[in-house]
Amino acid sequence: MAWQVVWITGASTGIGRSLALKLARTGVKVAISARSADKLTELAATQANLFAFPLDVTDAAATARVHGEIVQSLGPIDLAILNAGSWEPMSSGRFDSAVLERTYTTNVFGVTRALQHLTPAMRERRAGHIALVASVAGWRGLPKSIAYGSSKAALIHIAECLKSDLAGTGIDISIINPGFVDTPLTQRNDFPMPFIITPDAAADRIIRGLERRKFEIAFPWQMAVILKTMRILPYWLYFWLMRRSRGGAH
């Protein structure tokens with residue numbers, strides 16, 4: 001592995017948990033963060049190279065403190081995978097600004113609070129890799145995804161800006177855009193989830209992409225192709241297809 005110390009947020013379940021376990025097994029020191037201290041402690045007990053640092057990413061002061069604790073305990077962070085996120089379905093028929101605020105507080109500001117400390121430290125070392133976990137839902141507006149999709153679109157935009165701004169500094173930036181992955185969040189969905197994959201399969205794809213220092217890591221390929229194509233369609237065709245997919249509803 002190219003990294004000695006990795007920090008993963010949202011590590012107690014789903015993709016974050018699988019990433020932590022797979023990386024720890026290679027000998028990498030993995031700092032795992034999530035709100036649930038109990039789950040983190042239980043996970044850390046399974047591997048010698050897992051170290052629990054409980055954190056609610058919506059707490060700015062706690063994020064600064066935990067970043068400092070990781071560096072002091074394990075050493076400089078070589079790779080940060082900012083994976084903590086939330087999903088609440090919301091459509092125009094049940095528009096609720098509180099859902100948007102909760103979603104952005106976790107999915108966007110929970111990432112930027114970590115970036116505020118990671119970026120200067122990596123700039124000083126002229127080395128490091130930061131990966132933001134977004135979603136294919138961030139590529140184009142989708143049903144029930146006003147809050148979630150727009151928050152992930154924001155992360156994609158942030159990653160693109162960081163990639164340009166940090167060119168030549170020794171810092172790599174990656175944006176991870178999964179499709180449907182079988183996690184506690186998606187298990188609440190009441191609609192079909194095509195091409196859904198396991199967290200372990202998602203983690204394998206992410207690690208391969210990060211090892212290659214890819215900017216965008218998107219999977220499964222079928223979902224990526226479909227939504228990438230939708231992304232470049234003109235609006236009139238895109239909205240016509242969306243109406244057709246919903247049985248002609250307006």
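How many nonpolar, polar and charged residues are in the lining of the largest cavity? By class, that lining has 4 nonpolar, 3 polar and no charged residues, where Ala, Val, Leu, Ile, Met, Phe, Trp, Tyr, Cys and Pro count as nonpolar, Asp, Glu, Lys and Arg as charged, and the others, Gly among them, as polar. This is a predicted model, in which local features need pLDDT of at least 70 and side-chain atom pairs count only at pLDDT 80 or more, while totals for chains, interfaces and linings use all residues. Residues are numbered from 1 along each chain as its sequence is written, and side-chain values use heavy atoms, with hydrogens and water left out.

**Cavity**

- The count comes to 1 cavity of 30 Å³ or more, a cavity being a set of points on a 1 Å grid over the protein atoms alone where a 1.4 Å probe fits but cannot get out.
- The largest cavity holds about 30 Å³ of space, a volume being the space filled by probe spheres set on the points, with grid points joined across faces, edges and corners.
- Its lining residues, which have an atom within 4 Å of a point, are Thr9, Val57, Leu82, Ala84, Thr106, Gly110 and Val111.

- Helix α4 (residues 97–107) packs with helix α5 (residues 109–125) at an angle of about 30°, their axes lying 3 Å apart; helices are DSSP runs of H or I with at least four residues, and strands are runs of E with at least two, numbered from the N terminus.
- Axes are lines fitted to C-alpha atoms, for helices over the stretch in contact, and angles run from 0 to 180 degrees between N-to-C directions.
- α4 and α5 are therefore roughly parallel to each other, since angles under 35 degrees count as roughly parallel, over 145 as roughly antiparallel, 65 to 115 as roughly perpendicular and the rest as oblique.
- Tyr104, Thr105, Thr106 and Asn107 of α4 make the contact (heavy atoms within 4.5 Å) with Phe109, Gly110, Val111 and Arg113 of α5, and these residues divide into 3 nonpolar, 4 polar and 1 charged.
- α5 also packs with helix α6 (residues 146–165), at an angle of about 10° and with the axes 13 Å apart, which makes α5 roughly parallel to α6.
- In that pairing, Val111, Thr112, Leu115 and Arg123 of α5 meet Leu155, Ile158, Leu162 and Asp165 of α6, giving a contact of 5 nonpolar, 1 polar and 2 charged residues.

**Helices α1 and α7**

- Helix α1 (residues 14–25) and helix α7 (residues 199–211) pack at an angle of about 60°, with their axes 8 Å apart, which makes α1 oblique to α7.
- The contact of α1 with α7 has 8 nonpolar, 2 polar and 3 charged residues.

**Backbone features**

- A cis peptide bond, with omega of about -15°, joins Phe219 and Pro220, and Pro220 lies in the loop between β7 (216–219) and α8 (221–232).
- Arg126, although not a glycine, has a positive phi of about 55°, and its place is in the loop between α5 and β5 (128–133).

Definitions and conventions. 1 Å grid on protein atoms, 1.4 Å probe; cavity = no way out; pocket = protein on both sides within 12 Å on 5 of 7 lines; lining within 4 Å.
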